[in-house]
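Hi,

Here is the model I promised to pass on. Have a look at it first, and then read my notes on the domains and the helix packing below.

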Amino acid sequence: MGKLDGKVAVITGAASGISKATAIYMARQGAKVVAWDLGLDVEGKPLENNPVDETVAIIKEEGNEAIAFKGDVADMGDAENAIGTAIDTYGKLDILCCIAGFLRERMVFNMSEEEWDAILRVHVKGTFAPSKFAAIHWRQKREFGSHIAFSSPAYLGGSGQSNYSAAKAANVGFVRSFAQGMVRYNVNSNAISPAAATRMNDRGLGVQEAVRRGEALPSVTGWDSGNSRDPFNIPPMITYLTSDEGHWVSGRTWAVEGFHYARFSEPEPIRHLYSDGMWDLDRLFKLFPETLGEGLELPEGRTADSVTQQGAQRLAADQKKDS
Ligand SMILES: NC(=O)c1ccc[n+]([C@@H]2O[C@H](COP(=O)([O-])OP(=O)(O)OC[C@H]3O[C@@H](n4cnc5c(N)ncnc54)[C@H](O)[C@@H]3O)[C@@H](O)[C@H]2O)c1
């Protein structure tokens, strides 16, 4: 007995990495899989051949069921067709995993509009578009729906990743909203913040040096290795959250990193300051450090001295102006 027997799953990004492992794993658990990919490299440029056929071939060789869907996750027409393919082929849709994406990393002062737009498009619209058509189906059926969107540790902030961090934080907000709106139609929704060795880790100076020394790429050494970097460490958590047993869990974000799984806290206001009427600026400046700022750590690279110095300089300048 598989944990997903009888379920139909659409999985985006299934040609590579975490999503490929998820498609193979969920099919082993009894899901019929629509493996959806556009066949892009890690920066979003088209590959000569779309490797999603290979994912489907692996699933079928293992005696499980899958078909490929080749299309763009952020295209509304492709998204409607992909969900329609699941319904036409397997009669319904139970599970949607929005995993596809790519990277364009750059410091914010060097980032082009195109780099910003491309990342927001693939990760945020590429989650919205399939989710919309899945939601239409689930709203009509009101039986069972399970939705997964992909975030990243970068949603907590990553230098040189302002586009990606913004997109991955957006997906956390999307999941909270989707979970609230769809609960009445018997749909749950969760966000995954993963870590695994894939093409996305084949970058960086350290890796380039290792390759020059003749070492294999992380995506090669990690794949199906059984170690903590293996992408097959991610789908067990996705399988729980999309199963009948895990269906009560919704609206949450999960760190799913190798041999370690964790639940993120939900953000809430923790320090408060009130005013009886319109804010008095001098009062705010005076009270901020001991109220809203209480316990706040300085940003990395800044010292109490440097901050106090700036404040002291401004105070001295103000006093000079006033005298
Ligand atoms: N690998 C990690 O450690 C890590 C960390 C944090 C977040 N993530 C996230 O996990 C997800 C999977 O990443 P991965 O590391 O397996 O990457 P990957 O590059 O191995 O796979 C991504 C897949 O998405 C597909 N894709 C990209 N744009 C598409 C589009 N417009 N339409 C259809 N398919 C498209 C690609 O063709 C590729 O097959 C991504 O959302 C990524 O941001 C990964």
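How close do the axes of helix 3 (residues 76-90) and helix 4 (residues 113-141) come, and at what angle do they cross? They come within 8 Å and cross at roughly 45°. That makes helix 3 oblique to helix 4 (angles under 35 degrees count as roughly parallel, over 145 as roughly antiparallel, 65 to 115 as roughly perpendicular and the rest as oblique). Axes here are lines fitted to C-alpha atoms, for helices over the stretch in contact, and the angles run from 0 to 180 degrees between N-to-C directions. Helices are DSSP runs of H or I with at least four residues, strands are runs of E with at least two, and both are numbered from the N terminus.

Before the rest, two housekeeping points. This is a predicted model, in which local features need pLDDT of at least 70, side-chain atom pairs count only at pLDDT 80 or more, and totals for chains, interfaces and linings use all residues. Residues are numbered from 1 along each chain as its sequence is written.

On confidence, the protein averages a pLDDT (the predictor's confidence in each residue, from 0 to 100) of 95, and 96% of the residues score at least 70. Where pLDDT is low, the predicted coordinates should not be read in detail.

The domain assignment (automatic or from a database) gives domain 1 as 8-263 and domain 2 as 281-322. Their C-alpha centres lie 44 Å apart.

Now for helix 1 (residues 17-28), which packs against helix 2 (residues 52-61) at about 20°, with the axes 10 Å apart. Helix 1 and helix 2 are therefore roughly parallel. On the helix 1 side, Lys20, Ala23, Ile24 and Ala27 meet Thr55, Ile58 and Ile59 of helix 2 (contact means C-beta atoms, placed from the backbone, within 7 Å). By class, that contact has five nonpolar residues, one polar and one charged (Ala, Val, Leu, Ile, Met, Phe, Trp, Tyr, Cys and Pro count as nonpolar, Asp, Glu, Lys and Arg as charged, and the others, Gly among them, as polar).

Helix 1 also packs with helix 8 (residues 235-242), at about 55° and with the axes 9 Å apart. That makes helix 1 oblique to helix 8. Ala21, Thr22, Tyr25 and Met26 of helix 1 make this contact with Pro235, Ile238 and Thr239 of helix 8.

Cheers

Definitions and conventions
Contact = placed C-beta atoms within 7 Å.
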